[in-house]
Amino acid sequence: MTPQSEEIVLDAVVSVTATPEIRVERDVDLFEAGLIDSLGFVELLVALEASLGLSISPTEVDRQDVSTVNKLLAFVGERL
């Protein structure tokens with residue numbers, strides 16, 4: 001993953017969660033902390049599709065695979 005694509009993912013997560021701290025605290029479980037729910041996750045996927053050209057269906061994703069920013073970065077990195 002390039003630094004530019006990492007920044008795009010971080011921007012998308014901050015936008016959906018309205019929590020800039022997640023740029024630093026990347027191992028917080030976004031779902032358990034109440035920062036994102038299923039609708040927010042779909043919003044995040046749409047943002048990533050628009051900005052990175054990824055096409056990821058919510059049914060393709062196991063919530064545990066993307067529950068933290070670090071996991072999400074790894075997940076997106078595998079698909080770029």
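Me: Which residues of helix H3 are buried?
Reply: In this predicted model, the buried residues of H3 (residues 69-79) are Val 69, Leu 72, Leu 73, Phe 75 and Val 76.

Me: And where do they sit, seen down the axis of H3?
Reply: They fall within an arc of 165°, so they line one face of the helix.

Me: What do those buried residues pack against?
Reply: Two helices: H1 (3-17) and H2 (38-52).

Me: Take H1 then. What's the angle with H3, and how far apart are the axes?
Reply: The angle is about 130° and the axes lie 10 Å apart.

Me: Left-handed or right-handed crossing?
Reply: H1 passes H3 in a right-handed crossing.

Me: Which residues meet there?
Reply: From H1, Glu 6, Val 9, Leu 10 and Val 13; from H3, Val 69, Leu 72, Leu 73 and Val 76.

Me: How many of the contact residues are nonpolar, polar or charged?
Reply: The contact of H1 with H3 has 7 nonpolar residues, no polar ones and 1 charged.

Me: Switching to Leu 72. Why does it count as buried?
Reply: Its relative accessibility is 2%, and buried means under 20%, so Leu 72 qualifies.

Me: What does Leu 72 touch, leaving out residues up to four places away in sequence?
Reply: Leu 72 touches Val 9, Val 13, Leu 44, Asp 65 and Val 66.

Me: Last one: what separates the C-alpha atoms of Leu 72 and Thr 17?
Reply: 14 Å, with the two residues 55 apart along the chain.

Key: Residues are numbered from 1 along each chain as its sequence is written. This is a predicted model: local features need pLDDT of at least 70, side-chain atom pairs count only at pLDDT 80 or more; totals for chains, interfaces and linings use all residues. Side-chain values use heavy atoms; hydrogens and water are left out. Buried means under 20% relative accessible area, exposed over 50%, partly exposed in between (1.4 Å probe, protein chains only). Helices (H or I, at least four residues) and strands (E, at least two) are DSSP runs, numbered from the N terminus. The arc is that of the directions from the helix axis to the C-beta atoms. Contact means heavy atoms within 4.5 Å. Axes are lines fitted to C-alpha atoms, for helices over the stretch in contact, and angles run from 0 to 180 degrees between N-to-C directions. A crossing is left-handed if the near helix is turned anticlockwise from the far one by less than a right angle, and right-handed if clockwise. Ala, Val, Leu, Ile, Met, Phe, Trp, Tyr, Cys and Pro count as nonpolar, Asp, Glu, Lys and Arg as charged, and the others, Gly among them, as polar.
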